[in-house]
Amino acid sequence: MTTTTPVPAETTAEPVTAAQPPKRRLPARDRAVVITMILIPTLFVVVLVWVPAILSVVLSFGAWNGIGDVDQIQWVGTKNYADIVDIYPPFWPAIQHNLIWLVFLFLGPTLLGMFLAVVLDRNMRGSRFYQTAFYMPVVLSLALVGFIWQLFYSRDQGLINQVFGSEVDWYGDSSVNLWAVLVATAWRHTGYIMLIYLAGLKGVDASLREAAAVDGASERQTFFRIVFPVMRPINMIVLVIVVIESLRAFDLVWVVNRGTNGLELIGALVAQNVVGEAARYGFGSALAVIMMLISTVFIAIYLRIVFREERR
Amino acid sequence: MSTTLEAAPGRRRTQKPPERAEGGALNAPRGTIATVVMAVLALLWLFPLFWAVLNSFRSYAYTQANGYLSIGGWTLDNYRRVWENADLGKYFVNSLIITVPAVVLTLFLSSLVAFVLARFSYRFNLTLLAVFLAANLLPPQALLVPVYRMFREIPLPLFMSETGTLLGSYWGLIAINVAFQMGFCTFVLSNYMKTLPHEIYEQAQIDGASVWRQYWQLTMPLVRPALAALATLQVTWIYNEFFWATVLLGGQGDKFPITSALNNLRGQFFVDYNLLSAGSVLVALPVLIVFFVLQKQFVAGLTLGSTKG
């Protein structure tokens, strides 16, 4: 991932003042301090994130119920992957649900959040109030969002059924529960996206906008010629955030029914294979690796954008 | 975004020309439409929380008899029952035990890396940043098996963990939270530190200040605004963290932080929805207070990371 970004960021970060001092060697003590400052945090990340990531890949080629020691592992090659694709019933539904999740997040809350940001960025009475209303759900945990929406979705006590006289178990019925969960997610996701775009729109040059107005540009022209270009780098960041969020989605379906019966998601399947009674570590790892591979592509994109910005 | 580079952080806020209040006014008819649409949407957005608060103050007997669409049956009893029966106090303390050290440690460790990244230009800087940032974005589920198993193998003395292993202890949970959150904080802090004028370090060097002093006495006080913003954000995130707490403290329901505990308690104690509402409101309260009191910090923290500066 890192090979795509060969130029160190600092060289151009502050072109005038930052001509960093020529490489004077630090005194021995300072050098030891610098090494320690990097080493301890790096150790944390390497031991707790990167080593497990590699071990996930290794374990995915074995069969292990987790009870015995490591030498109990039988190496089975790519059998776990073959099994996942061929004979693991929840896998394809999970993939499908993750994809629906992704498309929905884009077409629903992401576009809405973008729209809200563009409107609220204007001089508008009560803009602060509206912003607060939209991003208040962002501070709540997704698990909590699941509970709060249960007050709408419950079959016997939920508001929706009481208002419409229906008898749908919105969280339980496998033909609708994915959509119920998605609406709850959207409630939280919209404000987050709005916030990101609002921050980005602060970068729109006001004088450009005024000049456009003086020249008689229409609102539409102003938006597409002046505002939208500013939003382009943010679009990419948002794209990556949305993809990664949809891939990671877990909390909501776990609190509803542990990711079963219409709510299968890859993240939940991994957990089911590890913390359940019948632990299948190799199998769970193979699922995890599939997740990791998909996310790696988007992490790489993200890092590229970030580092390109950095160099500017 | 590039404008922040030339100014010290202290002057940031004044940089924006004061006459530009957001993106310019809308003309009258558009303005009216926009206001109506926004007002309707905002009310829609506030409604779920409002509904939870409303029903948390109503007695179950009343809502059962008259349906939830009725008005009346006001009571504080749900809160009393939730607090006493479900022992919520204990879980709030657990959340505190996890959140405070995790946030402090995250900020401290990432400020160390951020300082080195911002202060020196080593060839490995970009790689290092990538190592941290990518770790932040990996799906936690992808690491579950090895982390779970590793934690089960690592023994801890009993006074540190009743289970005798890292699994089921706060130490493990705090460590994993720190490891996951460091990427974001390192990134934000190093960007912020890069906006500090380089001359202050040259001066410090002439004065013979050691690297540690440059970090602790010179840089850290100057990045306080960024630290405050990040702290606010991290407190909410770690308080809200659900996945690791649920799986790593799995067998130890007593040790759950409040967010995971609520899920556990649902079947046992929250038999009706008025109680569940009261429980939800109580769990939401700390983050909502943080949000309203430190709104500016919270927003600043989020936006610092998503777009630079």
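**Note on a predicted two-chain model**

1. Helix H2 of chain A (residues 28-59) packs against helix H8 of chain B (residues 170-194) at an angle of about 110°, and their axes are 9 Å apart. The model is predicted. Angles from 65 to 115 degrees count as roughly perpendicular, and H2(A) and H8(B) are therefore roughly perpendicular to each other. On the H2(A) side the contact is made by Pro41(A), Phe44(A), Val45(A), Leu48(A) and Val49(A). H8(B) contributes Ala175(B), Ile176(B), Val178(B), Ala179(B) and Met182(B). By class, the residues of this contact are 10 nonpolar, no polar and no charged.

2. The contact between the chains as a whole takes 96 residues from chain A and 91 residues from chain B. On the side of chain B that touches chain A, 61 residues are nonpolar, 23 polar and seven charged.

3. Confidence in chain A should be read by region. Its mean pLDDT is 83, with 90% of the residues at 70 or more. Over residues 1-20 of chain A, however, the pLDDT is below 50, although this stretch has 38 contacts in the model beyond near neighbours in sequence. Where pLDDT is low, the predicted coordinates should not be read in detail.

4. An unreviewed UniProt entry lists "transmembrane region" for residues 32-55, 99-120, 132-152, 178-201, 222-244 and 283-307 of chain A. Two of these can be set beside the model. Residues 32-55 of chain A are 100% helix and 0% strand, and their end C-alpha atoms are 31 Å apart. Residues 99-120 of chain A are also 100% helix and 0% strand, with 30 Å between the end C-alpha atoms.

5. Helix H12 of chain A (residues 266-275) is mostly covered, nine of its 10 residues being buried. The buried residues are Ile266(A), Gly267(A), Ala268(A), Leu269(A), Val270(A), Ala271(A), Gln272(A), Asn273(A) and Val274(A).

6. Chain B has 15 helices and zero strands. Of its 309 residues, 49% are buried. Among contacts in chain B with a separation of 6 or more, 71% join residues 24 or more positions apart.

7. Within chain B, helix H4 (residues 77-85) and helix H14 (residues 273-293) pack at an angle of about 75°, with axes 9 Å apart. That makes H4(B) roughly perpendicular to H14(B). From H4(B), Asn78(B), Tyr79(B), Arg81(B) and Val82(B) meet Asn274(B), Leu275(B), Ala278(B), Gly279(B) and Leu282(B) of H14(B). The residues of this contact comprise five nonpolar, three polar and one charged.

8. Val287(B) also lies in helix H14 of chain B. A residue is buried if 20 or more other C-beta atoms lie within 10 Å of its own; Val287(B) has 22 such neighbours and so counts as buried. Setting aside neighbours within four places in sequence, Val287(B) is in contact with Val139(A) and Leu140(A) from chain A, and with Thr236(B), Tyr239(B) and Asn240(B) from chain B. The C-alpha atom of Val287(B) is 9.9 Å from that of Leu233(B), 54 residues away along the chain.

9. Ser210(B) sits in the loop between helix H9 (199-206) and helix H10 (211-222) of chain B. With 16 C-beta neighbours inside 10 Å, Ser210(B) counts as partly exposed. Apart from neighbours within four places in sequence, Ser210(B) is in contact with Arg29(A) and Asp30(A).

Terms used: Residues are numbered from 1 along each chain as its sequence is written. Chains are lettered from A and ligands numbered from 1 in the order in which they are written. This is a predicted model: local features need pLDDT of at least 70, side-chain atom pairs count only at pLDDT 80 or more; totals for chains, interfaces and linings use all residues. Axes are lines fitted to C-alpha atoms, for helices over the stretch in contact, and angles run from 0 to 180 degrees between N-to-C directions. Helices (H or I, at least four residues) and strands (E, at least two) are DSSP runs, numbered from the N terminus. Angles under 35 degrees count as roughly parallel, over 145 as roughly antiparallel, 65 to 115 as roughly perpendicular and the rest as oblique. Two residues are in contact if their C-beta atoms, placed from the backbone, lie within 7 Å. Ala, Val, Leu, Ile, Met, Phe, Trp, Tyr, Cys and Pro count as nonpolar, Asp, Glu, Lys and Arg as charged, and the others, Gly among them, as polar. pLDDT is the predictor's confidence in each residue, from 0 to 100. UniProt positions are given in the numbering used here, feature names are shortened, and annotations may be inferred rather than shown by experiment. A residue is buried if 20 or more other C-beta atoms lie within 10 Å of its own, exposed if 12 or fewer, and partly exposed in between; C-beta atoms are placed from the backbone.
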